[in-house]
Amino acid sequence: MYTSRITGVGAYVPENVVTNDQLSKLMDTNDAWIQERTGIKERRHIKKGDGNNTSVMGVKAATIALERANLKPVDIDMIVFATLSPDMYFPGGGVQVQEMMGMRTIPALDVRNQCSGFVYALSVADQFVKTGMYKHVLVIGSENHSGGLDFTTRGRGVSVIFGDGAGAVVVSRNEDGKGGILSTHLHSEGKHKDELALQGPSTNYWVPQIIAENPTEDIPYYPYMNGTFVFKHAIVRFSEVIKEGLKANNLSVEDIDMLIPHQANLRISQFVQHKFRLPDDKVFNNIQKYGNTTAASIPIALTEAWEKGKIKEGDLVVLAAFGSGFTWGSVIIRW
Ligand SMILES: CC(C)(COP(=O)(O)OP(=O)(O)OC[C@H]1O[C@@H](n2cnc3c(N)ncnc32)[C@H](O)[C@@H]1OP(=O)(O)O)[C@@H](O)C(=O)NCCC(=O)NCCS
């Protein structure tokens, strides 16, 4: 068995900044409510004509990650693309990246695990590299939320939270064998699938049915979130899965140099931080600027933390996520 490590990180967010005040012109909400409940000040939205979509943003983030890994697209052996907002119902984003980046006819796999998508995708990449099957796997998390949210008062409980963006990492065979991705831990509990979900268009709610029913109240084609329920489960599962990852490596909370939680809600991150008594400089949050970018949130935060010099060689970096499904997971990395 080999070990794997992250050799390059990259992120891209659209230029268009949307503030809470701007949203309050579209729906009955306000800056104070959004900041108090979520910590979010602004987010990025793709603007019509700016050339972005989910796969294009993924390519922009991936290009930076590849440069930092000193690799060319031709060096990549596999793409794992995590998103809940693909450009097309099928095929997925991975094949679009393969085409746009001029890669070899390598495997391209899409991961559909929403806010845990990046952690799941990273785990998949890790398994392929550890077994020796592949040497360099490109992992992308990218989301175009703004294209599918309800920006009326009816949708305010969801639409103020989510933003657009992409992040990417290159997972490579760890040539010197030191550190790298120590372990990944993944979970699911499908009985809560309806608590945070987008029902259609899907084979349950196919387009002709939606048109025929023309639903006005129970709208199956906008995301639904039972916010309080999600919040309560998130804080429990985040804590559990971080502890699980540390225990598997005989580590303790004191060993953490940097915790990068999925940017679901600043209040969730703060709850976890206080529970583990971690100082501010050991937890990285940037939801204030980008909102919740689902599968993209961890790689965007990881990239920003790395760019700011907050992650150094030898640091113990912990990634943790929770989201729709419910699904959750953690990744323990010796950088
Ligand atoms: C969504 C969330 C911020 C809502 O906060 P909350 O304190 O639970 O608020 P509630 O949903 O109970 O709503 C409280 C009130 O605010 C209103 N409200 C909802 N969204 C609003 C908005 N954007 N602006 C103003 N008021 C809003 C509700 O209608 C409700 O009004 P009511 O009391 O008159 O019925 C919070 O539940 C949360 O963050 N949950 C986790 C979400 C998450 O992390 N999702 C991603 C998972 S990966």
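This report describes the domains, ligand shell, nonpolar core and selected backbone features of a predicted model.

## Domains and their contact

The protein chain is split into domain 1, residues 4-177, and domain 2, residues 181-334. Their C-alpha centres are 14 Å apart. Domain 1 puts 47 residues into the contact and domain 2 puts in 41.

On the side of domain 1 that touches domain 2, the elements giving two or more residues are β1 (4-12), α2, β3 (42-44), α5, β6 (136-143), α6 and β7 (165-173). Helix α5 gives the most, with seven residues. By class, this side of domain 1 holds 19 nonpolar, 18 polar and ten charged residues.

## Ligand shell

The ligand is surrounded by 21 residues, and the closest are Thr29, Cys115, Arg156, Gly227 and Ala264. Two or more residues of the shell come from each of α2 (31-38), α6 (156-159), α8 (227-248) and β12. The largest share, five residues, belongs to α8.

Eleven residues of the shell are nonpolar, eight are polar and two are charged. The ligand shell lies between the domains, because domain 1 (4-177) and domain 2 (181-334) both give residues to it.

## Nonpolar core

The largest nonpolar core has 92 residues. Val80, Val137, Val139, Ile140 and Ile260 are the residues with the most contacts inside it. Helix α5 (residues 117-130) supplies the largest share of this core, eight residues. Both domain 1 (4-177) and domain 2 (181-334) give residues to the core, so it lies between them. In soluble globular proteins, nonpolar side chains tend to be buried together.

With neighbours within four places in sequence left aside, Val137 is in contact with Asp77, Met78, Val80, Ala125, Phe128, Val129 and Val171.

Strand β11 covers residues 258-261, and all of them are buried. Met258 and Ile260 point one way from β11, whereas Leu259 and Pro261 point the other way. In a regular strand the side chains alternate between the two faces of the sheet. Ile260 is also among the residues with the most contacts inside the largest nonpolar core.

Strands β11 and β12 (residues 316-323) run parallel and are joined by four bridges. Within β12, Val317 is the bridge partner of Met258. Strand β12 is also one of the elements that give two or more residues to the shell around the ligand.

## Helix α11

Helix α11 spans residues 297-307 and is mostly covered, with nine of its eleven residues buried. The buried residues are Ser297, Ile298, Pro299, Ile300, Ala301, Leu302, Thr303, Ala305 and Trp306. After α11 comes Gly309, which has a positive phi near 75°.

## The loop between β4 and α4

Pro86 sits in the loop between β4 (78-82) and α4 (93-100). Pro86 counts as buried because it has 21 C-beta neighbours inside 10 Å, and the threshold for burial is 20 or more. Leaving out residues up to four places away in sequence, Pro86 touches Thr54, Gly92, Gly93 and Asp110. Asp110 is 24 residues from Pro86 in sequence, while the C-alpha to C-alpha distance between them is 9.3 Å.

Pro91 is also placed in the loop between β4 and α4. The peptide bond from Phe90 to Pro91 is cis, with omega near 0°.

## Other backbone exceptions

Most residues other than glycine have a negative phi, and most peptide bonds are trans. A cis peptide bond runs from Gly200 to Pro201, with omega near 5°. Pro201 is in the loop between β9 (196-197) and α7 (207-213).

Asn70 is not a glycine, yet its phi is positive, about 60°. Its place is in the loop between α3 (54-68) and β4. Asn70 is exposed, since 11 other C-beta atoms lie within 10 Å and the limit for exposed is 12 or fewer. Gln114, likewise a residue other than glycine, has a positive phi near 50°. Gln114 lies in the loop between β5 (108-111) and α5. With 26 other C-beta atoms within 10 Å, Gln114 is buried.

Note on methods. Residues are numbered from 1 along each chain as its sequence is written. This is a predicted model: local features need pLDDT of at least 70, side-chain atom pairs count only at pLDDT 80 or more; totals for chains, interfaces and linings use all residues. Two strands pair if DSSP finds at least two bridges between them. A residue is near a molecule or strand if its C-beta atom, placed from the backbone, lies within 6 Å of it. Ala, Val, Leu, Ile, Met, Phe, Trp, Tyr, Cys and Pro count as nonpolar, Asp, Glu, Lys and Arg as charged, and the others, Gly among them, as polar. Domain bounds come from an automatic or database domain assignment. A nonpolar core is a set of buried Ala, Val, Leu, Ile, Met, Phe, Trp, Tyr and Cys residues joined through C-beta atoms within 7 Å. Two residues are in contact if their C-beta atoms, placed from the backbone, lie within 7 Å.
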